Amino acid sequence: MEKFVIRGGRELHGKVRVSGSKNASLPILFSSILSGSLKLSNVPDLRDVSTACKLLEIMGFNVVRNSDTVEVEFTGRINPEAPYELVKTMRASILCLGPLLSKFGRASVSLPGGCAIGLRPVDLHLKGLSKMGADLRISHGYVVGEVRGRLKGVDVTLDFPTVGGTENILMAAVLAKGKTVIRNAAKEPEIVDLARALKKGGARIEGEGTDVIEVEGVDEIGPIEYRVMPDRIEAGTFLSAVASAGGEVEIEEFPTFALESVVEKFVESGLSIEEISEGRVLVKKRDRLKGTDIVTQPYPGFPTDMQAQFMAAMCIADGVSVIKETIFENRFMHALELQRMGADLKIEGNTVVVKGVDKLIGAKVTATDLRASASLVIAGLGAENTTEVYRIYHLDRGYEKLERKLNSLGAEIERVPSELKY
Ligand SMILES: CC(=O)N[C@H]1[C@@H](OP(=O)(O)OP(=O)(O)OC[C@H]2O[C@@H](n3ccc(=O)[nH]c3=O)[C@H](O)[C@@H]2O)O[C@H](CO)[C@@H](O)[C@@H]1O
Ligand SMILES: C=C(OP(=O)(O)O)C(=O)O
């Protein structure tokens, strides 16, 4: 186990580059089940990506990673099983279900179960795939599915625009017989990225990025070669870092097209964000920020994956910020840890009222999930004295070299063995 030791109070200056998107890489890696051949570049070096690669290998794919490129080739022998041991470490593993059923007509995928941010059921994935003709049952904690013949195109209206559910049904639909219409589909940029990758293999998809996606099933998906979009949440995390620590940072590979709501809120709070050229922004904190309210929403609303980092920055803004979380029922674990650093927070159901304080003071804090970890790092950057963040393995699931990138901007973050055993 490792922890971060952060010596706070150092402004950030310089240039940093955003890595490829975790949440786009994972479904696209699983789309190799449909195509049998995938060459994906700009893939971030993360624990979740390693887990996805391991899963593909277990299922019968050769996976070769070379710097930021991952090449996946089918060996010709499928083992359509995603074991609990891997699925429990990465919920996105459920995204192999749709492709396996569509391509191979059978699958046995462990149910992901709940996690620190909420229950996160997969009922809408299963409902959609069942409607397409998959015979699904739960057995010993696994979703076991079979398809007689081929999945069929259907009209599905999602009860909620679930990101993973949309991706699973979309991937199943590309090889189904006939036309699938997904209504109330999620509109997240990562879904657009997945659809673009699938189209490289010959998939016929229209409407990605809107709430109605139409897919005309084809007989075969050919080899896919694709470059993953930049990670909008990592980019937003750098905005939060400057908002907390101060300074002036140029961010490269900044996906402006996917971050409007986040940029808008930071600008409202007083952070200066200037687009210097396409994909490059200059972020400056000139003064103390002012308290700003957010409500998390499906895209294009403010992303839940940025809520914790935004909260950390608002802890030292002037005035009050009201932060409402509407996507996950338990995504305020970081608030309790921020309180340990002197933040003035009142948690009421799905809302946190943040009263800005003059400064946060370093403390020992524990990360409970991926974005909570990032928020504690951000708080530590702007805090006085030393902050120690435990359980940073959560962070390694979704951020590529975060401490190295921040240190290159002048932060002082050390990764050391943790004396606490969990
Ligand atoms: C790998 C990946 O891309 N993860 C992202 C994805 O997660 P994920 O795809 O799991 O998130 P969803 O959009 O599916 O979940 C949103 C809400 O819908 C509920 N729900 C979802 C599916 C279902 O079958 N039934 C159901 O009730 C969930 O419990 C949650 O409350 O989108 C989330 C919301 O933007 C992000 O926080 C995650 O970072
Ligand atoms: C919640 C997240 O990811 P996952 O869906 O993989 O748990 C996240 O990226 O913030």
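Guide: The shell around ligand 1 is made up of 11 nonpolar, seven polar and five charged residues. Ala, Val, Leu, Ile, Met, Phe, Trp, Tyr, Cys and Pro count as nonpolar, Asp, Glu, Lys and Arg as charged, and the others, Gly among them, as polar. This is a predicted model, in which local features need pLDDT of at least 70, side-chain atom pairs count only at pLDDT 80 or more, and totals for chains, interfaces and linings use all residues. Residues are numbered from 1 along each chain as its sequence is written, while chains are lettered from A and ligands numbered from 1 in the order in which they are written.

Visitor: How do you know that ligand 1 lies between domain 1 and domain 2?

Guide: Domain 1 (2–19 + 230–417) and domain 2 (22–227) both give residues to its shell, so ligand 1 lies between them. The domain bounds come from an automatic or database domain assignment.

Visitor: Why is Cys-115 called partly exposed?

Guide: Cys-115 has 15 other C-beta atoms within 10 Å.

Visitor: What makes Arg-91 and Arg-120 contacts of Cys-115?

Guide: Two residues are in contact if their C-beta atoms, placed from the backbone, lie within 7 Å. Leaving aside neighbours within four places in sequence, Cys-115 meets this with Arg-91 and Arg-120.

Visitor: What makes strand S19 and strand S21 a pair?

Guide: Strands pair if DSSP finds at least two bridges between them. Five bridges join S19 (residues 320–324) to S21 (residues 351–355), and the two run antiparallel. Strands are DSSP runs (E, at least two residues), numbered from the N terminus.

Terms used: Buried ≥ 20, exposed ≤ 12 C-beta atoms within 10 Å, placed from the backbone. Helix = DSSP H or I, 4+ residues; strand = E, 2+ residues; numbered from the N terminus.
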